[in-house]
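Morning, everyone. Please have a look at the structure on the screen, and I will walk you through a few of its features.

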2 protein chains.
Amino acid sequence: VTRFDDFQGRLRIAHNILKQRLNHLVEAGVIEKVRYSDHPPRSDYRLTEKGRDLWPVLTAMRQWGDRYAAPDGPPLQVAHEACGHISDAVLVCSVCGGRLAARDVRATHGPGAVEPLVGTAKP
Amino acid sequence: VTRFDDFQGRLRIAHNILKQRLNHLVEAGVIEKVRYSDHPPRSDYRLTEKGRDLWPVLTAMRQWGDRYAAPDGPPLQVAHEACGHISDAVLVCSVCGGRLAARDVRATHGPGAVEPLVGTAKP
């Protein structure tokens, strides 16, 4: 779905609200407006690379929701084309390939670190 | 950090706002209030399993932000204890272990699917 009318048909929200939301996403660089016909003038909305790169965020949110807020089971499942199976996404280390979870990592300051977030925490 | 005063020292927000936010997270089951002393009565806030399971969501959001909104580099990096390297989390298939991205998957209805989200999209 890339066209205004199709978004509206699916979402059933007011024209001005949808317009506002799409503009917001365009400003954020997540989608872009692409002219696909000059006569008559017509545009649609396509995901940018920045938008496509939100897939891991949405996937992680969806899986968390499926685990904690889907009493009837997941509304949507994802099949991995390469292996053909219904698949969950799991996080692994980009270096060694081992599983990554909160307990497996240590946070360190990166190059963009600003001053410590911490004031002086009381003991 | 688990104690009210320490959250406040770090976040520097008003007492009532912090209280409200912590209560909201307790109601959502993301943290829980745990009594750690009876005399004097003292409690702190601990992540629940539901809260810890938000780590993949936060990690995916952090990495997206590092890519698109961190001109000075990541403020925070994560070292994988097992291999010792600064590590990105990557998504792989829980079944075959292959990389997962938006283009590698097909969405299907799950057991909790409600009626199609779609009205009748115009052609």
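Predicted model: local features only at pLDDT ≥ 70, side-chain atom pairs only at ≥ 80, totals over all residues.

A word on naming before we start. Helices here are DSSP runs of at least four residues, strands are runs of at least two, and both are numbered from the N terminus.

What is phi of B:Arg12 near? It is near 50 degrees, a positive value, and the residue is not a glycine. Is B:Arg12 buried or exposed? The cut-off for exposed is over 50% relative accessible area. B:Arg12 has 63%, so it counts as exposed.

Now chain A. A:Arg12 lies in the loop between helix H1 (4-11) and helix H2 (15-27) of that chain. Phi of A:Arg12 is near 50 degrees, again positive in a residue other than glycine. The relative accessible area of A:Arg12 is 61%, so this arginine is exposed.

Next, the prolines. In chain A, the peptide bond between A:His39 and A:Pro40 is cis, with omega about -5 degrees. Where is A:Pro40? Look at the loop between strand S1 (31-37) and strand S2 (42-47) of chain A. Chain B has a cis bond from B:His39 to B:Pro40, with omega near -5 degrees. B:Pro40 sits in the loop between strand S1 (31-37) and strand S2 (42-47) of chain B.

There is a contact to show you at A:Pro40. Which atom of A:Pro40 does the side chain of A:Ser37 reach? The backbone oxygen, at 2.5 Å. A:Ser37 itself is in strand S1 of chain A. Buried means under 20% relative accessible area. A:Ser37 has 17%, so it is buried.

On to helix H4 of chain B. It covers residues 55-68, which makes 14 residues. How far apart should its ends be? The expected span is 1.5 Å times one less than the number of residues. That gives 20 Å, and the end C-alpha atoms are 20 Å apart, so the two agree.

Which residues of this helix are buried? They are B:Trp55, B:Val57, B:Thr59, B:Ala60, B:Gln63 and B:Gly65. What do they pack against? In chain A, they meet helix H4 (55-68), strand S4 (89-93) and strand S5 (105-109). In chain B, they meet helix H3 (49-52) and strand S4 (89-93).

Last topic: aromatic rings. How many aromatic pairs does the structure hold? Four, over all chains. One of them is A:Trp64 with A:Tyr68, a tilted pair, 5.6 Å centre to centre, with 45 degrees between the planes. Both residues are in helix H4 of chain A, and they are four residues apart, so about one helical turn separates them. A:Trp64 is partly exposed at 22% relative accessibility. A:Tyr68 is partly exposed too, at 26%.

Now B:Trp64 and B:Tyr68. Their ring centres are 5.6 Å apart and the planes meet at 45 degrees, so this pair is tilted. They lie four residues apart in helix H4 of chain B, about one turn of the helix. B:Trp64 has a relative accessible area of 21%, and is partly exposed. B:Tyr68 has 26%, and is partly exposed.

Key
Residues numbered from 1 in each chain as written. Chains lettered and ligands numbered in written order. Heavy atoms only, no water. Buried < 20%, exposed > 50% of the residue type's maximum accessible area, 1.4 Å probe, protein only. Polar contact = N/O pair within 3.5 Å; in protein donor to acceptor, adjacent residues only side chain to side chain. Contact = heavy atoms within 4.5 Å. Phe/Tyr/Trp six-rings, centres within 6.5 Å; stacked < 30°, edge-to-face > 60°.
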